[in-house]
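Here is a short tour for a first look. Start with the view below, then read on.

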Amino acid sequence: MLTVTEALEKLLASVTPQEITTEPLQNTLGLTLSKDIHSSTDSPPFDKSLMDGYAVRLADLATGVAMLKVIEVITAGRVPTRPIGPGEAAQIMTGTPLPEGADLVIKIEETERAGEDVSIKTKPPSAGANMIRRGTSIRSGDCVLRAGLTLNASRIGALAEMGQTFVPVRQRPRVAILATGDELVPLQQTPGPGQIRNSNEPMLAAQIESMGGIPVPLGIARDDRDELRAKIQQGLESDMLVLSGGVSAGTLDLVPSVLAESSVGEIFHKVEMKPGKPLWFGVKRHDLRSPCYVFGLPGNPVSSLVCCELFVRTAIRRFMGVEPAIAPPQLGRLEHEYSTRADRPTYHPARLTWTRDGLGITLVPWHGSSDLCGTVAANGMAYFPGEARQYCLGDSVEAFVW
Ligand code: AMP
Ligand code: MG
């Protein structure tokens with residue numbers, strides 16, 4: 001059986017990133033930048049003041065005390081009209097360009113204005129005080145944003161600063177969701193004897209949306225070959241198809257064989273993990289369009305949840321060009337003792353909190369892969385390799401935030 005790492009490697013080798021398109025900047029939140037962006041200007045573009053005060057010459061201020069003549073006032077959006085010479089100063093506002101000849105700024109609080117003159121009383125200053133030189137943060141030609149970054153507020157702001165009104169990105173995948181099982185009823189229906197609600201569909205749709213995909217719910221397919229085949233056919237029209245249920249060893253677990261009949265090539269089936277062992281992954285190659293990546297998630301809700309977090313997330317990230325495609329775990333400290341048995345590697349729902357010692361991990365009481373309600377107190381999961389071990393308070397453990 002493949003380990004999680006081996007299965008993720010196979011998945012990454014199978015999924016091709018989406019083609020690059022161009023989007024208006026205002027539509028790019030959550031998309032992935034697909035080319036490096038270089039600055040065409042220096043930033044800041046001119047020597048500028050960091051304070052409201054007076055632009056002066058160090059030569060006039062060796063002792064920190066001086067009386068200077070104010071030759072102009074430079075307010076936001078204006079540029080100095082002349083250089084300052086010996087014995088002169090210009091009143092200047094935060095963010096405005098320094099006049100030629102000035103090599104530092106004195107804060108307004110350390111000055112007193114008397115008509116045309118300003119009296120300055122400060123400690124002996126040094127050149128460059130309270131100002132920033134042209135090109136200090138970025139030089140023209142520097143790479144400011146690397147391909148593979150997910151666009152967030154500060155990155156969108158930086159693109160705007162550089163005048164990037166259209167941005168090279170990769171689009172979100174459309175991800176069809178198909179729940180399978182004779183026991184399932186739609187949410188609005190009251191379950192009869194032996195029946196349960198199709199809770200996996202809205203759960204998976206929410207996960208997929210939060211991972212950047214566009215969920216396309218297809219409802220329920222009965223455990224019936226013809227019905228399953230028809231609905232799978234419909235799902236294969238999307239960029240990805242996520243099925244839940246029907247991939248284990250039951251007599252009506254028809255998903256792998258119907259996928260094979262639908263010419264979806266199997267990449268792997270079964271992964272050494274808990275929950276989620278029966279996970280199935282394959283690719284449907286189309287003649288005239290890009291492939292469809294197909295996941296058969298085990299139907300138990302927490303198995304579906306965990307497999308979606310680890311595998312569907314990685315496929316969506318690769319498809320959208322996010323670097324790195326595999327979301328790295330975070331290291332945290334266990335907030336209590338815990339003992340594990342020699343078993344499969346386990347992903348245990350956990351409450352992750354920020355403590356003064358970093359990320360704190362508290363496992364939530366949980367009764368296994370069918371216990372979805374047990375996970376609602378969790379905001380992530382902790383990873384335990386499949387070995388018997390007694391963990392102590394404060395031991396370091398890998399965790400994933402949901
Ligand atoms: P399966 O993987 O098809 O053997 O399903 C295992 C169990 O997961 C079923 O017996 C159900 O209790 C549960 N299950 C399957 N599909 C869903 C679903 N769409 N929503 C909620 N629970 C499900
Ligand atoms: Mg089933």
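## Around the ligand

Gly counts as polar here, while Asp, Glu, Lys and Arg count as charged, and Ala, Val, Leu, Ile, Met, Phe, Trp, Tyr, Cys and Pro as nonpolar. By that scheme, the shell around ligand 1 holds five nonpolar, eight polar and three charged residues. The model is predicted.

There are 16 residues around ligand 1. Asn198, Asn200, Gly246, Gly299 and Asn300 come nearest.

## Contacts and cover

A polar side-chain atom of asparagine 198 lies 2.8 Å from a nitrogen atom of the ligand. For serine 199, a polar backbone atom is 3.2 Å from a nitrogen atom of ligand 1. Glycine 299 faces an oxygen atom of ligand 1: a backbone N or O atom lies 2.8 Å from it.

On its own, ligand 1 has 490 Å² of accessible area, and the protein covers 77% of that. Ligand 1 sits in the second largest pocket.

## Domains

The chain is divided into domain 1 (4-18 + 172-319), domain 2 (20-43 + 138-170), domain 3 (48-132) and domain 4 (330-401). The C-alpha centres of domain 2 and domain 4 are 37 Å apart.

## Backbone exceptions

Most peptide bonds are trans, and most residues other than glycine have a negative phi. The bond from lysine 274 to proline 275 is cis, with omega near -5°. Proline 275 is in the loop between strand E19 (265-269) and strand E20 (280-284). The bond from glutamate 323 to proline 324 is also cis, with omega near -5°. Proline 324 is in the loop between helix H6 (301-320) and strand E22 (330-334).

Asparagine 130 has a positive phi of about 60°. This residue lies in the loop between strand E10 (117-121) and strand E11 (131-132).

Methods
Residues numbered from 1 in each chain as written. Chains lettered and ligands numbered in written order. Predicted model: local features only at pLDDT ≥ 70, side-chain atom pairs only at ≥ 80, totals over all residues. Heavy atoms only, no water. Near = heavy atom within 4 Å. Polar contact = N/O pair within 3.5 Å; in protein donor to acceptor, adjacent residues only side chain to side chain. Areas by Shrake-Rupley, 256 points an atom, 1.4 Å probe, with all protein chains shown as cover. 1 Å grid on protein atoms, 1.4 Å probe; cavity = no way out; pocket = protein on both sides within 12 Å on 5 of 7 lines; lining within 4 Å. Sits in = over half its atoms within 2 Å of the grid points. Domains from an automatic or database assignment. Helix = DSSP H or I, 4+ residues; strand = E, 2+ residues; numbered from the N terminus.
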